[in-house]
Amino acid sequence: MQKLQLTTEYTLYDTISELDNQAQELLKIAINAREQAYAPYSNFSVGAAILLDNDEIVIGNNQENAAYPSGMCAERVAVYSAGSKFPKTTILKLAISASSSHKEITQPVAPCGSCRQAISEYEVNQKTPIEIYFMGASGKIIKVDSLKSLLPLSFDKSFL
Ligand SMILES: [Zn+2]
């Protein structure tokens with residue numbers, strides 16, 4: 001028997017201005033998308049913006065539903081939109097911002113488990129890492145160089 005340990009690595013930025021211009025721009029687009037989220041039940045709005053290798057930017061925001069499980073997270077709205085509009089392209093970067101009308105979100109808000117799984121599918125297929133930036137409404141930003149940093153020991157098509 002062996003007891004092993006997994007480690008993960010991320011970069012923590014104090015402010016958006018510390019990011020390179022391209023990442024700043026993408027995060028600002030995610031913030032704008034967040035402001036258009038349809039979140040009347042949770043009042044928790046999330047915006048996502050994806051940069052593709054064809055220079056297109058695809059956005060998503062959370063879309064809630066009176067039948068709660070029928071809603072969809074911003075990250076999956078964005079990756080599925082990118083996958084449907086530009087099926088042959090590679091996702092380079094994903095930026096995410098979350099806010100709540102109940103309280104100021106100052107901590108980086110990471111994608112939920114289902115979104116990590118969905119993003120993983122794209123990263124595995126394209127065989128190149130997706131940079132992910134995420135933040136709250138304000139405060140620090142976390143960047144991971146690959147979805148693998150958020151979802152180690154992941155399940156993918158190689159098991160099927
Ligand atoms: Zn999610």
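1. Leaving aside residues up to four places away in sequence, Gln126 touches Thr89, Thr90 and Ile91, where contact means heavy atoms within 4.5 Å. This is a predicted model, in which local features need pLDDT of at least 70 and side-chain atom pairs count only at pLDDT 80 or more, while totals for chains, interfaces and linings use all residues. Residues are numbered from 1 along each chain as its sequence is written, and side-chain values use heavy atoms, with hydrogens and water left out.

2. Gln126 lies in helix α3 (residues 113-126); helices (H or I, at least four residues) and strands (E, at least two) are DSSP runs, numbered from the N terminus. Gln126 counts as buried because its relative accessibility is 15%, and buried means under 20% relative accessible area (1.4 Å probe, protein chains only). The side chain of Gln126 also reaches the backbone oxygen of Ile91 at 2.8 Å.

3. Strand β2 (residues 44-52) has eight of its nine residues buried, so it is largely enclosed by the rest of the structure.

4. Strand β2 is joined to strand β4 (residues 91-100) by nine bridges, and the two run antiparallel; two strands pair if DSSP finds at least two bridges between them. Within this pairing, Ser45 has Ser99 of β4 as its bridge partner.

5. Strand β2 is also joined to strand β3 (residues 57-61), by five bridges and again in an antiparallel arrangement, with Ala49 standing opposite Ile59 in β3. The hairpin of β2 and β3 has four residues between the strands, and in this hairpin Asp55 takes a positive phi near 75°.

Note on methods
Buried < 20%, exposed > 50% of the residue type's maximum accessible area, 1.4 Å probe, protein only. Polar contact = N/O pair within 3.5 Å; in protein donor to acceptor, adjacent residues only side chain to side chain.
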